[in-house]
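Please read the following note with the sequence and the model side by side.

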Amino acid sequence: MFTNEELTSRNINFEQNKLNTKLVGVTFNDRQKVISGLNEGELLTLARQFDNEYDVNAVLALRSDGKEVGHIRRELAQELAPAMDKGCQYICEVKQITGGGELSKGVNIEIKKLSETLTYNCFTCARNYKTKTEAENCCKI
Ligand SMILES: [Zn+2]
């Protein structure tokens, strides 16, 4: 049978349930100012941005006060967004602030999948369940 890993994130290359990437769009609006106040180790919230007109899969990284830090890069958001829409939750930790001085600041992050919120998909109809048994029995005739 399929493992949790395969059921929930088949297309995301999570090594041991986590991956490292950097945020994009960090120079828009007041984001550079927000980034100046960030601390390494700080946890950000990943939120779906449903009204993004350029990308239906847009995922924003926000500080706890709701201020925007940046977006998850498009290729990764394409994989994360559908999983998030099905109930998967991820935590996002600031690993490193890059740049500064004359350069714009960047944010390296680590995204971890929250295992306790794993859900299971029926492989026939893709409906989402809280338990593996429910998912396996979904389309069983
Ligand atoms: Zn089904």
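**Note on the predicted model**

1. Leaving out residues up to four places away in sequence, Val 107 touches Lys 22, Leu 23, Val 26, Ile 35, Leu 38, Val 69, Gly 70, Val 94 and Ile 97. Two residues are in contact if their C-beta atoms, placed from the backbone, lie within 7 Å.

2. Residues are numbered from 1 along each chain as its sequence is written.

3. Confidence comes next. The pLDDT, the predictor's confidence in each residue from 0 to 100, averages 86 over the protein chain, and 85% of the residues score at least 70. Among the elements, β4 has the highest mean pLDDT (98), whereas helix α1 (residues 4–9) has the lowest (42). Over residues 1–11 the pLDDT stays under 50, and the model has 12 contacts beyond four places in sequence for this stretch.

4. The protein chain holds 4 helices and 8 strands. Helices (H or I, at least four residues) and strands (E, at least two) are DSSP runs, numbered from the N terminus. Read from that end, the order of elements is α-β-α-β-β-β-α-β-β-β-β-α. Of the contacts with a separation of 6 or more, 57% are accounted for by residues 24 or more positions apart.

5. Two strands pair if DSSP finds at least two bridges between them.

6. Strand β2 (residues 43–48) is joined to β3 by 4 bridges, and the two run antiparallel; the bridge partner of Thr 45 in β3 is Leu 62. With strand β4 (residues 68–71), β3 pairs over 3 bridges, again in the antiparallel sense. In β4, Leu 62 has Glu 68 as its bridge partner, and Leu 60 has His 71. β3 and β4 form a hairpin with 5 residues between them, and Gly 66 in the turn has a positive phi of about 90°.

7. Which residues of β3 lie on its covered face, and which on its uncovered one? Val 59 and Ala 61 belong to the covered face, Leu 60 and Leu 62 to the uncovered face. In a regular strand the side chains alternate between the two faces of the sheet.

8. The largest nonpolar core has 18 residues, of which Ala 61, Val 107 and Ile 109 touch the most other members. At least two residues of this core come from each of β3 (59–62), α3 (74–85), β5 (90–100) and β6 (103–113). A nonpolar core is a set of buried Ala, Val, Leu, Ile, Met, Phe, Trp, Tyr and Cys residues joined through C-beta atoms within 7 Å. A residue is buried if 20 or more other C-beta atoms lie within 10 Å of its own, exposed if 12 or fewer, and partly exposed in between, with C-beta atoms placed from the backbone. Buried residues make up 19% of the 141 residues in the protein chain.

9. Lys 95 lies in strand β5. Why is Lys 95 described as partly exposed? The reason is that 16 other C-beta atoms lie within 10 Å of Lys 95. Apart from neighbours within four places in sequence, Lys 95 is in contact with Asn 20, Glu 40, Asn 108, Ile 109 and Glu 110.

10. Asn 29, in the loop between β1 (18–22) and α2 (31–36), has a positive phi near 50° although it is not glycine. Asn 29 is exposed, with 11 other C-beta atoms within 10 Å. Ala 126, in the loop between β7 (120–121) and β8 (128–129), has a positive phi of about 70°. Ala 126 counts as exposed because it has 12 C-beta neighbours inside 10 Å.

Technical notes. This is a predicted model: local features need pLDDT of at least 70, side-chain atom pairs count only at pLDDT 80 or more; totals for chains, interfaces and linings use all residues.
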